[in-house]
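Welcome, and take a moment to get the fold in view.

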Amino acid sequence: MDKLKKYNQKLLAILGTIAVVFLAGVTIAAAFLFIEQQVNRNRRLRNSNAITLEDKRDKQNNKLRDQIITFESPHLIDTANAIYMIPVSTIDLDNPEIANYDTYSNERNSTNFDSYGIQMPKHRSKSYHGSYNNIIIHHLKTNKQLSVFENKVSIGNFGDYIVKDQQYILIDAVSHDTNKDQKLSEKDLSAFFCYDLSSNQLNTVRIDNYSLVNYSPIYDSDQILLKFGFDKNEDGKYDPYKEPVELKTYSVSTNELKDLIDPAMQKKLQKLLDD
């Protein structure tokens, strides 16, 4: 009996130790997760998701800026040709400053690209969700750099995808101030943009009174499924709780946009609901 009692005590001690170690591990993991969430939250707060359209001037009529650009780490999207994608974000300034473009000199931006410490990814597909205002395509071999957009936009999310053996950057972005608040933000109606990396061509799918909700490549085809929210009351905003969604397909080969649901079927379904 004494041996059995001692055995049970040892077993309980071992189980107790395991439980303590497990709880400690969970606590540490939760702490790291909380810290990471706070860092990401602070970063989102630091980076603006609204692009101002207001032309601000000082008393001497100098153009003032209240936002500055900032960059994220490059992401390798084409290993064979050493092509990188660099997201561009925006930071709001506490105090507006004179827009001086001489500060962007070659000396300031002569960073060695190798210092980014980029490793070859296992997959050539990556998505970004946040607040961006442009994307840079960097060709490392030729040191050629291209900006995807040539006008002001507020990018909600984007990613690089391979569709029918061709590589594209698919983008959800706002290019028009549809709610008339002098800003480009997630409160405006967004559009779909498709950037062809082989031709460096940007194609736009923007429909009046519609806002892109999400996009998804259709397996083994050249089609992208586009989910558009319909701004039924035409107030320049899409309300997902009160306004409907329509599904469309976009061909990267022909740039054609079509309804996924046949209009006759839509009419039939609505009539069933009405009756």
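H129 stands opposite N157 in β9, where strands are DSSP runs of E with at least two residues, helices are runs of H or I with at least four, and both are numbered from the N terminus. The two strands concerned, β6 and β9, run antiparallel and are joined by five bridges; strands pair here if DSSP finds at least two bridges between them. This is a predicted model, in which local features need pLDDT of at least 70 and side-chain atom pairs count only at pLDDT 80 or more, while totals for chains, interfaces and linings use all residues. Residues are numbered from 1 along each chain as its sequence is written, and side-chain values use heavy atoms, with hydrogens and water left out.

Stay with β9 and look the other way. Nine bridges join β9 to β10, and these two also run antiparallel. I162 has Q167 in β10 as its bridge partner. The two strands make a hairpin with two residues between them, and K164 in the turn has a positive phi of about 50°. Is β9 enclosed or open? Eight of its ten residues are buried, so β9 is largely enclosed by the rest of the structure. Buried means under 20% relative accessible area, exposed means over 50%, and partly exposed is in between, using a 1.4 Å probe and protein chains only.

Now step back to the whole protein. It has two helices and 17 strands, and of its 275 residues, 34% count as buried.

What lies inside? The largest nonpolar core has 19 residues, and M85, I135, I137, I155, F158, I169 and I171 touch the most other members. Such a core is a set of buried Ala, Val, Leu, Ile, Met, Phe, Trp, Tyr and Cys residues joined through side-chain atoms within 4.5 Å. Strands that each supply at least two residues of this core include β5 (83-98), β7 (134-139) and β9 (154-163). Among the residues that I137 touches, leaving aside those up to four places away in sequence, are I83, M85, L146, I169 and Y195; contact means heavy atoms within 4.5 Å. In soluble globular proteins, nonpolar side chains tend to be buried together.

Next, the rings. A search of the whole structure finds nine aromatic pairs. Rings of Phe, Tyr and Trp (its six-membered ring) pair if their centres lie within 6.5 Å; planes under 30 degrees apart count as stacked, over 60 as edge-to-face and the rest as tilted. F149 and F193 form an edge-to-face pair, 5.1 Å centre to centre with 80° between the planes. F149 is in the loop between β8 (144-147) and β9, while F193 is in β12, so the pair ties together parts that are 44 residues apart in sequence. Both F149 and F193 are buried. F192 and Y215 form a tilted pair, 5.8 Å centre to centre and 55° between the planes. Y161, F192, Y215 and Y250 form one aromatic cluster.

Finally, visit a loop. K180 has a positive phi of about 60° although it is not a glycine. Most residues other than glycine have a negative phi. K180 lies in the loop between β10 and β11 (183-184), and is exposed, with a relative accessible area of 68%.
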